[in-house]
Amino acid sequence: MAVEIPKDSWAGSVRVVTLGATPADGGTRSHTIMIGGQNTLPFMHFEKPTPHRPVIAVEIKDRRPEDWSGLLLDIWGDAANDPAAWAKQAEVAGADMLVLALTLTAADGNPTTPSMAVEAVKAVLAASKLPLIVLGPGQADADNELLVPVAEATKGERLALGLCEDKNYRTIVAAAMANDHCVVARTPMDVNLAKQLNILIHDMGLPLDRIVMDPTTGALGYGIEYGYSVMERLRLAALQGDAMTQLPMMVTPGFEAWKTKESKFGQDVPGTWGNWEERAINWETLTAMTLVESGADVVVLRHPESVRRVHQAITDLMTVPETV
Amino acid sequence: MALSGIQIYKMLPQTNCKDCGFPTCLAFAMKLAAKQVELSSCPHVAEDAKAQLSEASEPPVRLVSLKANGHEVKAGNEVVMFRHEKTFYNKPGLFLRVKDSQPAGEIQAAIAEADGYCVNYVGRDLTLDGFAVEAVSGDAAVFAAAIAAVRQASHRPLILISTDPAMIAAGLRAVDGENPLIYGANTGNWQAMADLAKQHHASLAVIAESLDELADLTEKVKEAGVKDIVLDPAARNLSRSLALNTQIRRLALKKNFRPLGYPLISFPGEGGDPAQESVMAVHAITKYAGFIVLDHFAAETAYPLLVLRENIYTDPQKPIQVQPDVYEINTPGPDDPVLVTTNFSITYFSVANEIEGSGIPAWLVVTDAEGMSVLTAWAAGKFDAERIAKTIKSFNIADKVNRKRIVIPGHVAVLSGELEEELPDWEIRVGPREAIDLPSFIKQVL
């Protein structure tokens, strides 16, 4: 019998955000990356083409992150001591773009200074021509103190700066506006809070096509279902035409997964958890893939093998089936 | 045919007696039409109306159940496309496949390892659900012997894999009295397979490359008397499988299309790359599979997949929580520390497991934060100074310890000032943000 395929038709679509600028547009990147643009649920190729594939950003740090899992420090080796070398290695590992996460303190224990942050960002931009996201250490004062000079020193590169949060977004947004960058807006797993922050940032005058939202996720086993459902709801709202949800989504499964005991530790854990390294890679990969299924446009990862597996899976998801 | 709410209303008693829990018969009828309630909730519906309504009130995705030796694996009965719309009900069964070409000893060892696997996650014991045995030898006696080997190592439900009815007949004889799944029927063998399924009370998977063919086959098999059907749209890569699984679920739920209103089976190991098997399985778990057949078993892969399945199938309206209480970890005494957290079960178990593992005795005070994690509860106003103070007082913690000192999670350091006001006799200490740092905090700082 002839089965009629039920196709959804949506009024709204996700905005396209372009990250990175080439010399033609005032930057130094070898290419730009476009994310968003969908007007179907993820990978429903039989309804409408998916304009841009989800991208993998690899997270690197301005200095060796001693609190990271030994598995990560081992695999990146000496590259983890130097953000420029690390950026190159991440590119070799298959990164579509980079996330440079600044550390709160320098190696000597004193706060990271603006000039150190600028130097690290410039070193990464010189070492790799991939588009770049720069995240502050995650404390409002330090974020503002470091990200403003970074924004100024990289004017025109169209970085994404973050994380903007409801209690601290004005300074970062102003710096992005003045220097032709984008921002990442993070809210804690709630559709309305995400909308609200997008509105606040937009009200300052930053165009919506320069905002990426990070609705926050939990790792597998640690609340991923909340992040997963919030992302599905945000994407549905966007397709239904709610303008303030029509932004691409970035999530940080690498950060979340490598924070869990399952990934961080190989000893003093139950035997039923199995081999440490493969378990840790699974934890990151499965967290990331679950979020890609729910609409993530950027997944930020840490381990090269997770990058390889997620990249392969996204390629598979982006393949348009011939007969459906 | 699906009936509208009004059509259903006409067949109800129309007394608005509220015995069903809804204010009016019309409200109940609307819920019935949306398949959000069962007809049995109405104790007064007439018999003839019941017969008419039962067809319409059948679940859009049929419940299929595999049984063996007291074990049961259920799939189907799903009512939504997205878990946030209500919930996903029946967790997809995870099966491990062996082939009859493997030596009996190897089969037994592999099955015994996987069958005995049991991992604890937030207080629940998670296991695989069953096994699949595939006939590749072409010899019915060898297939039956392989099944016998499996049965020596596991009592869980089975899936018998072959497209040759003679093989399946031999397999079914080896598991007489059970309700396995036959995989499966195609355009060439469906008649013989349907006869076998009917005769042995087995469920039957039907395999076809297009939805048109799949729907034709299920109708034929149903006509032949088999009700418990499982669908394999034969997609072995992510994008095709996502498209077909979504289309099938939509047809069942939104169009009430009976020929495809059955659970799905998925084979993540057949994608070609063993490292991608767990990735394919993610997709099967999130996007609508009812039975998942894996080709490799390893604890480091089984554990995250079992956890993902728990997470996705958690009812979003009922966060998994633990009872607010004072939990005594490692038999604490009056001089041991008092720690405070929320009653979200992932939070509770993260904290409790860390302390338990460290061997340090402590009092763990779990406040009623409506099942939310520390940060979420704090943001929602469900984990504030007032609530913490009330909990400390209501459980009479002061009577249990010599030193009035509590440790609050680092994520809610901002509460310490208000808490000092609410609990003037108590010393408030700010602990680490993450549970894994608790043991060293207790040893070094307290």
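**Interface and sheet of the predicted model**

Five salt bridges are found by the rule across the interface of chain A and chain B in this predicted model. One of the pairs in a salt bridge joins the side chains of A:Asp8 and B:Arg250, with an N to O distance of 3.0 Å. On the side of chain A that touches chain B, two or more residues come from each of helix 7 (224–239), helix 9 (261–264), helix 10 (276–293) and helix 11 of chain A. The most is given by helix 10 of chain A, with nine residues. By residue class, this side of chain A divides into 25 nonpolar, 17 charged and 13 polar residues.

The contact involves 55 residues of chain A and 57 residues of chain B. About 4700 Å² is buried between chain A and chain B, with 63% of this area on carbon and sulfur atoms.

Within chain A, eight strands make up an open sheet with parallel pairing, in the order 8-7-6-5-4-3-10-9. Strand 8 (211–214) and strand 9 (250–251) of chain A each have a single partner strand and stand at the edges, so one side of each has no neighbour in the sheet. Strand 5 (residues 132–135) and strand 6 (residues 160–164) of chain A are paired in the parallel sense over three bridges. For A:Leu135, the bridge partner in strand 6 of chain A is A:Gly162. Helix 11 (residues 304–318) of chain A packs on the sheet, where it touches strand 3 (55–61) and strand 10 (298–301) of chain A. The direction of helix 11 makes about 165 degrees with that of strand 3 of chain A.

Notes. Residues numbered from 1 in each chain as written. Chains lettered and ligands numbered in written order. Predicted model: local features only at pLDDT ≥ 70, side-chain atom pairs only at ≥ 80, totals over all residues. Heavy atoms only, no water. Pairing = 2+ DSSP bridges. Helix = DSSP H or I, 4+ residues; strand = E, 2+ residues; numbered from the N terminus. Contact = heavy atoms within 4.5 Å. Axes fitted to C-alpha atoms, helices over the stretch in contact; angles between N-to-C directions. Buried area = accessible area lost by both parts, 1.4 Å probe. Salt bridge = Lys/Arg side-chain N within 4 Å of Asp/Glu carboxyl O. Nonpolar A, V, L, I, M, F, W, Y, C, P; charged D, E, K, R; others polar.
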